[in-house]
Amino acid sequence: MQSQISWKVGGQQGEGIESTGELFATAMNRKGYHLYGYRHFSSRIKGGHTNNKIRVSTQPVHAISDDLDILIAFDQETIELNHQEMRKDSIIIADTKAKPEKPADCDTQLIDLPFTSTAKELGTALMKNMVAVGATAALMHLDTNVFETIITHMFEKKGEKVVSMNIEALNEGYRLMQDQLDTIEGDFELEDSNQDAHLYMIGNDAIGLGAITAGSRFMAAYPITPASEIMEYMIENLPKVGGAVVQTEDEIAAANMAIGASYGGVRAFTASAGPGLSLMMEAIGLSGMTETPLVVINTQRGGPSTGLPTKQEQSDLMQMIYGTHGDIPKIVVAPTDAKDAFYLTMEAFNLAEIYQCPVIVLSDLQLSLGKQTVEQLDRDAVSIERGELIQGDIEREEGDKSYFRRYALTESGISPRPIPGLKGGIHHVTGVEHNEEGKTSEDAANRQQQMEKRMRKTEHLLIEDPVEADMPHDAADILYIGFISTKGAIQEGKARLEDQGIKVNHLQIRQLYPFPKETIQKAVDQATKVVVVEHNYQGQLASILKMNVNLGDKLINQTKYDGMPFLPHEIEEKGTEIAKSLKEMN
């Protein structure tokens, strides 16, 4: 028996690859296993290779596996593109229709089963994915009951006949594989999990749930990969709590509508990806100048321009910190996994209202669309804090008809913020420089005072946990630093390096701006070498570190920009190489 299995299904986009993976993963989740899944898909609606890789384990997992135990291939291209991940004791189960062949450099075992023809005989070729899932269940010695329950739920609205046909296809696939078991080498049976089902969600769903839990009742957005699922989640769920979602004509309108709703006292946000964030930059500046709270979710993807819209990248960091023209207070935070995305999204709404400025939650495609096991969430872990928001009438002396000092100069830089329509709270709002009452002013002294007031708000801002730290060593050989979805691969690579006797510390940065200089400097001082792991060509996170921290000659970049996520072995191999060079130097 195995403690974990890595399974992948591949074929042409539009063939039901995602639903096949979803059925398998849902069943394994209900059996109590921990999962981490990642979809590789083309930037077109139909056609082009796509696959869904799912890691199933009796223990928590936070990264894609290095290799592959089981590959379900609906076409020859799937074998050609994915066989490099397989070992000699792995297995390819291919559709006979594809006339599958092993490439010359592939020594894993291959069997073909008539997925398509069996499905046709049972009613429709569309059920070939059910045949494949049934074959998987037999190979892994899994009871089909849980699969049948999920299939019933999936198709019950289409009638009993459709349900029974799909269950029959599942069981026929099971029988086909059972007939082959004596010819198969290797062990593909999982140890019992002995656990209840976990939450299993993509990062975008966690962000949406976090927004609703934080009290957000309005979202404006324009669809874009990989952010669209946030809007889809909100469309389905926000009306249940009295909220609304507006699909706007573009990202400019989305950001401005969110600002307008926020000005009216509603917790509001928008979500997009790199190209959409470029369009939002002027509106983000408006939020900063008018001191109106705004939460923006940026789900990074491959660029520039349309770039690699369905692939992994982390190349928006500099844009998110420095993209707006002029100086404004701004906060940029980055969750480390789906669970953290829930909590940090909640915190983002608090930060936006407390500091009255734009807050950008920086995600990436791997976190946004990768589906993973999430431990039970605590909706009360982050309390709602609305800062200096005034919600009741403001007492004024009789006859006082002056404007309310909405932008009053305060020591903290944070001014009282009335909800529009409150008695005594009338003030002017403009994106032009203004005085304390909001009236336009180009006076030099006023400009300096208002600029300093705004920037004071976040000068010394430090959220409760600006980094997620794993620091077991006072004097480490290597300190790994990453952000967002690199966490899992770094964690696993770190564990392997520790097994080799290499001392490794790890920081995953959650607050990217203002940068937590002192926290990170302390960690840097405790390491011989600092490896910055990130998905972009220029090493943007490393550049931010160099601007804020004294690194000396410690810095080593580990970048990846081919659209694929980091794998644990890549972290391990780089670390082994560094440790070897350190040993030779000594």
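Lys-128 sits at 11% relative accessibility, so this residue counts as buried (buried means under 20% relative accessible area, exposed means over 50%, and partly exposed is in between, using a 1.4 Å probe and protein chains only). The model is a predicted one, in which local features need pLDDT of at least 70 and side-chain atom pairs count only at pLDDT 80 or more, while totals for chains, interfaces and linings use all residues. Residues are numbered from 1 along each chain as its sequence is written, and side-chain values use heavy atoms, with hydrogens and water left out.

Back to Lys-128: its side chain meets that of Glu-15 in a salt bridge, at 2.7 Å from N to O (a salt bridge is a side-chain nitrogen of Lys or Arg within 4 Å of a carboxyl oxygen of Asp or Glu). Glu-15 lies in the loop between strand S1 (4–12) and helix H1 (17–30), and Lys-128 in helix H4 (residues 128–139), so the pair ties together parts that are 113 residues apart in sequence. Helices (H or I, at least four residues) and strands (E, at least two) are DSSP runs, numbered from the N terminus. Glu-15, for its part, is partly exposed, at 25% relative accessibility.

Helix H4 itself is worth a look. Of its 12 residues, 12 are buried, so H4 is largely enclosed by the rest of the structure. Among them are Asn-129, Met-130 and Thr-136. As for length, the 12 residues of H4 should span 16 Å at 1.5 Å a residue, and the end C-alpha atoms are 17 Å apart, which agrees (the expected span is 1.5 Å times one less than the number of residues). After H4 comes His-141, with a positive phi near 55°.

Salt bridges turn up elsewhere too, and the search of the whole structure finds 29. One of them joins the side chains of Arg-39 and Glu-18, at 3.3 Å from N to O. Here strand S2 (residues 34–40) supplies Arg-39 and helix H1 supplies Glu-18, 21 residues apart. Arg-39 is buried, at 18% relative accessible area, whereas Glu-18 is partly exposed at 45%. Then there is Glu-353 with Arg-417, whose closest N and O atoms are 3.1 Å apart.

What about the nonpolar side chains? The largest nonpolar core has 88 residues, and those touching the most other members include Met-234, Phe-269 and Ile-481 (such a core is a set of buried Ala, Val, Leu, Ile, Met, Phe, Trp, Tyr and Cys residues joined through side-chain atoms within 4.5 Å). H12 gives this core its largest share, 11 residues. Leaving aside neighbours within four places in sequence, the contacts of Ile-481 include Leu-507, Ile-520 and Val-531 (contact means heavy atoms within 4.5 Å). Another core, of 50 residues, lies apart from the largest one, with Phe-24, Ile-70, Ala-169 and Met-177 among its members.

Finally, Thr-290 is found in helix H10 (residues 274–290), and this residue is buried at 4% relative accessibility. The Thr-290 side chain reaches the backbone oxygen of Leu-286 at 2.7 Å. Not counting residues up to four places away in sequence, Thr-290 touches Arg-406, Tyr-407, Val-429, Thr-430 and Gly-431.

Definitions and conventions
A polar contact is a pair of N or O atoms within 3.5 Å; within protein, one must be able to donate a hydrogen and the other to accept it, and residues adjacent in sequence count only if both atoms are side-chain atoms.
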